[in-house]
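Hi everyone, thanks for making time today.

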Amino acid sequence: MSDLPRERSFDARIFKATVIVLSTAAAAYMLWRLVDLLLLLFACALIALILVTIANLVRRKLPMPYAAALTLAVLVIAGVLIGAFWFFGATMTAQFSDLIARLPGAWAALQGRLAQSAVGAQLLARMQEFAPSSANLVGWLTSAISIGGGILSGLAVVIIGGLYLAAQPGLYGGGLVRLVPRRGQAETIATFDAIAAALRGWLKGQALGMIFVGVGVSVGLAIVGLPAALAIGLVAGLAEFVPYLGTVVAVIPAVILGFSQGTDTGLWTVAVMLGVQQVQGNLVMPLLQKSMVDLPPALTIFGLIAAGILFGPVGVLLATPLTVVVLVLVRRLYLNDDTPLGGESKDAATEPALDLSPAAPPRKARSRPRSTRSGSPSPR
């Protein structure tokens with residue numbers, strides 16, 4: 001009889017452990033099934049962080065309510081984009097049309113130059129082995145069209161979702177914090193602030209790096225005399241959002257177009273592309289690291305590979321900010337290291353980016369701390 005309670009206690013522990021393991025496995029499976037939605041939410045959070053940061057900058061300069069500052073920030077961003085497209089729209093349309101029209105002839109001219117040498121002929125033979133057939137090409141085009149449609153619809157959802165998150169950051173952030181037990185809410189808020197500060201630094205440095213690459217490539221290729229230099233520079237600047245991998249997207253059409261104009265033009269094109277990337281990576285970015293997140297190159301590359309394997313093309317686009325978030329979480333929650341990433345001061349890194357404090361509790365719960373501090377119950 002004395003062993004019966006012990007056996008029941010052992011069975012209860014086994015049952016509890018089984019429930020925990022099964023619940024954890026079910027939660028992990030559910031998160032994996034919802035990974036596309038989670039990536040979409042992360043992209044919305046990035047847009048919201050940009051809008052909130054600009055709105056806070058506006059409020060520092062002009063005393064106005066947050067809603068008015070956010071509206072002004074959205075109008076300024078929309079005005080800049082519309083103005084840029086209106087000012088450069090005709091030129092960019094003509095240059096992109098020229099680029100698309102010239103690429104097939106440039107590729108044919110490059111093939112002719114390669115065929116004149118034994119090494120070039122072998123390279124062409126290798127390339128033709130990987131060339132898609134007509135049936136595969138139709139399938140690739142269909143897939144590309146469907147992916148493009150999905151990207152446009154996803155971009156619309158990200159922009160709208162980012163606007164909603166930026167409009168009421170305290171509502172959504174406070175709601176997340178309230179899901180955490182009360183004893184861990186302060187650490188959760190501090191972790192969110194550290195992540196927001198790290199992402200702010202990364203976004204600032206990335207934006208400046210993209211501008212430098214776009215302007216540098218456009219000016220350099222225009223000096224070389226390459227057609228559609230502004231269009232290639234725009235592609236290079238936008239592609240710089242994905243480190244290392246984005247560079248290839250801009251180099252390939254530039255090199256093909258350059259060598260179609262002649263060997264000297266092709267070599268100068270390669271020199272411009274490599275020179276801009278080297279200056280950006282070895283001079284500009286180190287200078288910007290005082291106000292941005294300094295990610296080790298190896299960590300960035302493996303983050304891109306891991307995100308591409310796990311999450312596909314969307315994961316590649318968001319690989320670097322995801323790596324920033326994971327790095328902050330590991331340092332704060334696992335290593336207990338609250339020093340900021342990069343060159344920011346600790347005060348700047350811990351400055352709240354969003355109002356993530358939970359919503360105020362009812363009046364009765366709010367009056368409890370006052371009675372404790374005064375040492376006597378509050379009068380009724």
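Let me start with handedness: a crossing is left-handed if the near helix is turned anticlockwise from the far one by less than a right angle, and right-handed if clockwise. Helices here are DSSP runs of H or I with at least four residues, numbered from the N terminus.

Some housekeeping: this is a predicted model, in which local features need pLDDT of at least 70 and side-chain atom pairs count only at pLDDT 80 or more, while totals for chains, interfaces and linings use all residues. Residues are numbered from 1 along each chain as its sequence is written, and side-chain values use heavy atoms, with hydrogens and water left out.

The axes are lines fitted to C-alpha atoms over the stretch in contact, with angles running from 0 to 180 degrees between N-to-C directions. α6 passes α7 in a right-handed crossing. Contact, meaning heavy atoms within 4.5 Å, involves Leu176, Val177 and Arg178 of α6 with Gln185, Thr188, Ile189 and Phe192 of α7.

Next, α7 packs with α13 (residues 319-334) at about 140°, the axes being 10 Å apart. This crossing is right-handed too. Among the α7 residues in the contact are Ala194, Ala198 and Trp202, and α13 brings Val324 and Val328, among others.

What about α2 and α7? Their axes are 11 Å apart at an angle of about 85°, so these helices are roughly perpendicular to each other. Leu46, Leu49, Ile50 and Thr53 of α2 meet Ala196, Leu199, Arg200 and Leu203 of α7.

Now, the second largest pocket. A pocket is an open set of points on a 1 Å grid over the protein atoms alone, where a 1.4 Å probe fits, with protein on both sides within 12 Å along at least five of seven lines; lining residues have an atom within 4 Å of a point. How many residues line this one? There are 41, with Phe42, Ala45, Phe192, Ile195 and Val325 nearest its centre. α2 gives the most, nine residues. By class, the lining has 35 nonpolar, five polar and one charged residues, where Ala, Val, Leu, Ile, Met, Phe, Trp, Tyr, Cys and Pro count as nonpolar, Asp, Glu, Lys and Arg as charged, and the others, Gly among them, as polar.

Conventions
Helix = DSSP H or I, 4+ residues; strand = E, 2+ residues; numbered from the N terminus. Parallel < 35°, antiparallel > 145°, perpendicular 65-115°, else oblique.
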